[in-house]
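Please walk through this model with the structure open beside the text. The explanation starts where the two chains meet and then turns to each chain in turn.

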Amino acid sequence: MSATQSRVNDFVLKIGTVNGTGSASANGLLMKALFRMGIPVTGKNLFPSNIQGLPTWYEVRANKDGYISRSGRVDVMVAMNAQTYKQDLAEVSSGGFLIYDSTWPRETTLRRDDITVLGVPLARMANEHFKVARVRILMKNVAYVGVLAALLDIDLDIIRQLLKETFADKPKLVDSNLEAIMLGYDYAMKQFTCPLPVRAEKMGDNAGKVMMEGNAAAALGAVYAGATVGAWYPITPSTSVMDAFKSYCDMFRTDRESGERRYCIIQAEDELAAAGIVLGANWTGARAFTPTSGPGISLMSEFIGFAYYAEIPAVFMDIQRVGPSTGMPTRTQQCDLMLAAFASHGDTRHPMLFPCDPKECFELSVKAFDLAERLQTPVFFMSDLDIGMNDWMIDELQWDDQYQPDRGKVLTAEQLEGIDKFHRYLDRDGDGIPWRTLPGEHPKGAYFVRGSGHNRYGAYTEDAQEYQDVLDRLLLKWETAKQLVPGPVVRHAGKRSEHAIVAFGSSHGAVIEALDTLATGGIHADYMRLRAFPFNDDVEAFLDAHDTIFVVEQNRDAQMRSLLMLETGVAAEKLVPVLHYNGLPIPSDCVVDALRSHIRKEAAA
Amino acid sequence: MTYIQKPKIDLPGREKNAIGLTLRDYEGGLSTLCAGCGHDSITAAIVQAFYELAIPPENVIKLSGIGCSSKTPAYFVQGAHGFNSVHGRMPSVATGALAGNRSLVCIGVSGDGDSLSIGFGQFGHVVRRNLNMLYIIENNGVYGLTKGQFSASADPGSKAKKGEVNVMQSIDPVATAIALGGSFVARGFSGDRDQLVPLIKAGIRHEGCAILDVISPCVTFNDHEGSTKSYAYTRKNYHPAVYTDFVPPAEEIKVKYGEGEAISVTLHDGSKIRLRKADNDYDPSERSAVMHYLEAQRAKGEVVTGLLFIDEDLPEMHAISRTERAPLARRSFADLSPGAAALARLQKGMR
């Protein structure tokens with residue numbers, strides 16, 4: 001046993017279990033209890049692409065300073081899975097603790113002298129107290145919550161309250177869960193010195209904060225934006241977007257008496273069809289979207305190009321996972337930037353939005369619908385598995401009741417009545433965006449949507465001049481898009497700084513923590529978080545103002561760096577790639593180490 | 001989709017339908033298909049059917065995929081909204097369009113390549129979804145625009161123009177649609193307009209996915225000796241199983257039929273279809289019997305036509321998903337967004 005530093009409200013708890021054994025609810029309970037003690041907390045799932053029986057981990061980081069990225073350390077490990085015991089043991093940071101189920105002996109050859117190993121006979125206790133086999137398995141997992149409550153000094157009253165709320169409809173479950181928790185709690189209190197130096201301490205109540213997954217927030221955004229049609233093909237890690245959309249629509253848009261629904265969700269036969277459905281619905285004026293992941297975008301590319309050229313609004317939510325090909329479906333990356341930016345054959349380019357947390361998932365989901373209709377083009381909402389499926393603590397979502405959706409340029413029946421002839425692709429306003437009509441609105445509004453060559457009047461063409469005229473106008477529209485997409489968020493170091501960091505999406509948390517760590521070591525960097533593609537003038541100005549810019553992203557090929565070079569003409573040598581692409585969420589160390597080593601090399605040169 | 005504007009001349013005395021439009025108002029651009037193409041006859045039948053049903057053109061959406069057949073929506077109902085989508089994907093766009101606005105009258109035109117090869121999946125699933133549309137397959141057994149390759153509906157043993165014999169099995173859209181649980185499955189022939197017009201009208205008024213396979217000879221690549229999709233072959237082996245009369249809601253059925261001679265099906269909008277049997281034992285509501293009959297006739301090389309299967313009770317997409325009656329696309333934003341107070345309440349459970 002080695003000396004342990006005191007770590008109050010600054011620790012990482014990792015729990016290794018077998019998937020399909022109810023550990024998710026036990027872990028959720030732990031995290032929420034810490035949350036209610038007022039400690040900033042995040043929970044990350046590391047799960048297999050499997051239904052039941054394989055190892056799965058849940059990592060809770062509690063941090064009084066509010067850092068939310070993966071830290072790379074493990075202070076307390078709960079190793080419930082014999083299969084991964086060796087690996088779990090090895091992962092504990094020096095001075096840390098490991099708790100295991102001592103019902104069965106562990107290999108004595110596996111030992112570490114620099115950590116503390118605590119055995120609790122969880123299975124035996126659960127078996128003695130509960131009769132049904134399935135219940136025993138579940139309660140074994142609930143029991144470790146009790147053990148941790150004792151060891152980490154987690155408020156039992158809060159746990160009790162959470163159980164009451166969770167099982168409001170099933171009071172019996174409150175009792176049995178509590179019984180299991182007390183088994184673990186009492187055992188730990190009796191056998192060990194509680195609490196450990198690594199522990200929690202109430203620091204408030206996290207008022208104004210909520211715990212949310214990005215996919216739920218994105219779905220909520222779609223509901224609030226007034227989306228009525230959702231089409232999809234199930235794919236990890238985007239499935240929970242549609243699950244959430246369905247449950248929120250059921251909550252808010254189902255007539256309680258008639259059962260009639262003010263929405264239509266279609267589980268399509270594949271992603272190609274899902275994209276077609278989204279286009280068809282948007283064509284008739286309904287806000288429609290599809291949640292998917294990289295492989296889905298590959299399949300949808302045909303329709304994406306169509307929507308670009310025929311100018312049909314559409315929202316594609318890409319919850320990115322590890323590629324290429326099937327890749328690792330349950331791991332995270334930011335690897336679809338190039339794919340989404342230029343999806344489909346021919347000259348195409350599409351706006352993308354990069355939410356950095358569930359709060360922005362909500363806000364940018366709404367924005368995606370506004371942009372799609374304003375620009376009459378496909379818009380990509382680029383989230384990822386880390387944001388989408390993990391538990392994030394965020395400021396409560398806000399909604400402005402004054403908000404009105406931007407439906408873009410749609411001619412009403414009255415407007416059509418007043419005009420001589422409607423021409424679909426005529427740029428009347430000089431911003432590259434033509435006016436459109438909706439089917440069923442007015443006889444004068446009829447036109448033919450086509451993916452084949454067309455002129456500014458909407459008629460088929462094979463004429464060189466007429467074809468190019470439309471293609472050039474689409475470029476003008478791209479310029480307009482730059483003015484409409486959300487600009488970057490810039491954070492100045494406050495001191496003169498030669499260095500800068502550019503990042504986006506789920507890398508944000510790691511960068512924020514890295515900036516503070518670097519600053520304590522005397523390295524100060526300005527930081528620009530990108531929120532959209534195309535890049536506006538602010539992005540260019542930031543790039544111009546710095547000599548060395550670290551572009552942090554979670555893919556192998558530095559895709560964002562390439563996009564910056566392609567679109568802004570920034571010199572390649574100014575942009576230093578900082579890449580993390582093993583499928584785990586990026587830790588702050590990755591950013592810190594990359595900057596330090598580059599700066600060291602620069603100094604040596 | 002090439003087309004040439006057709007000059008519109010209003011002749012005095014031209015007959016008008018119930019909403020004051022003439023037949024010409026339901027026409028489209030001039031066809032650029034080959035002279036004698038079966039597709040043009042189908043287009044004429046579509047024009048006739050929409051005119052007779054007196055549907056406001058702006059309430060019609062006409063969609064297609066890619067291929068000769070898919071060019072034809074430009075040639076009918078010029079006041080309708082058209083959507084010439086990508087190859088084999090018309091059904092998904094139609095699904096989305098009707099999801100957004102279920103009050104629109106939807107006709108999709110496809111071909112045997114578009115529906116039975118590249119779009120076979122979407123064809124199958126739109127049937128399964130029972131989307132409320134008329135889905136016409138202009139079936140000629142050949143790829144025309146790419147100059148004469150066999151399509152998936154080419155019969156085994158049939159010959160290509162240059163003599164090559166097809167050895168693969170053919171996909172029959174009618175048998176397939178019935179097997180998939182289709183609610184309305186019919187076959188017509190571009191050369192028999194009297195049969196085609198009521199089939200189109202019934203298909204439009206049927207609440208669900210009406211599959212209408214129309215044998216439509218390709219005069220350029222598949223109208224020769226040895227082809228089983230030629231005018232000559234189809235005429236020789238033409239075998240109507242049922243004759244269809246379409247009776248609009250307000251009209252009375254005037255013709256008297258003998259006992260067991262005809263079946264009457266009432267559609268959801270109150271119109272009726274009278275099915276007169278050509279074959280005495282034929283019952284278009286008995287799925288297994290229909291399948292058996294079709295297989296027996298196929299073995300004999302007969303081209304069975306008519307409204308071959310109908311089940312008016314199968315729920316269409318919106319009935320299945322319990323969507324409200326009013327078109328979603330027309331809902332005001334106030335009816336859709338739950339508001340700030342609801343968001344605050346919802347988030348109480350996220351702490």
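Which residue of β2(B) stands opposite Phe448(A)? The model is predicted, and in it Phe448(A) faces Gly82(B). The pairing around these residues is parallel: β17(A) and strand β2 (residues 81–84) of chain B are joined over three bridges.

Chain A itself is divided into domain 1 (7–204), domain 2 (212–395), domain 3 (413–484) and domain 4 (489–604). Between the C-alpha centres of domain 3 of chain A and domain 4 of chain A the distance is 40 Å.

A residue counts as buried when 20 or more other C-beta atoms lie within 10 Å of its own. Seven of the seven residues of β15(A) are buried, so the strand is largely enclosed by the rest of the structure. In a regular strand the side chains alternate between the two faces of the sheet. In β15(A), Pro378(A), Phe380(A), Met382(A) and Asp384(A) point one way, while Val379(A), Phe381(A) and Ser383(A) point the other way, and all are buried.

Two strands of chain A pair with β15(A). Strand β13 (residues 314–320) of chain A runs parallel to β15(A) and is joined to it by seven bridges; here Met317(A) stands opposite Phe381(A). Strand β14 (residues 352–353) of chain A also pairs with β15(A) in the parallel sense, over two bridges, and Leu353(A) stands opposite Phe381(A).

Leaving out residues up to four places away in sequence, Ala143(A) touches Leu122(A), Met125(A), Ala126(A), Ala180(A), Ile181(A), Leu183(A) and Gly184(A).

A loop residue of chain A can be read in the same terms. Gly96(A) lies in the loop between α2 (85–91) and β6 (97–101) of chain A. Gly96(A) is buried because 24 other C-beta atoms lie within 10 Å. Beyond its neighbours within four places in sequence, Gly96(A) is in contact with Val74(A), Asp75(A), Val76(A), Met77(A) and Ile115(A). Ile115(A) is 19 residues from Gly96(A) in sequence, yet the C-alpha atoms of the two are 5.1 Å apart.

Chain B remains. This chain has 11 helices and 13 strands. Its radius of gyration is 21 Å, close to the 20 Å that the globule rule gives for 351 residues, so chain B is as compact as a globular protein of that length. The C-alpha trace of chain B spans about 75 × 55 × 50 Å along its principal axes. Of its 351 residues, 53% count as buried. Among contacts in chain B between residues at least 6 apart in sequence, 72% join residues at least 24 apart.

How values were computed:
Residues are numbered from 1 along each chain as its sequence is written. Chains are lettered from A and ligands numbered from 1 in the order in which they are written. This is a predicted model: local features need pLDDT of at least 70, side-chain atom pairs count only at pLDDT 80 or more; totals for chains, interfaces and linings use all residues. Helices (H or I, at least four residues) and strands (E, at least two) are DSSP runs, numbered from the N terminus. A residue is buried if 20 or more other C-beta atoms lie within 10 Å of its own, exposed if 12 or fewer, and partly exposed in between; C-beta atoms are placed from the backbone. Two residues are in contact if their C-beta atoms, placed from the backbone, lie within 7 Å. Domain bounds come from an automatic or database domain assignment. The radius of gyration is taken over C-alpha atoms; the globule rule is 2.2 Å times the number of residues to the power 0.38. Two strands pair if DSSP finds at least two bridges between them.
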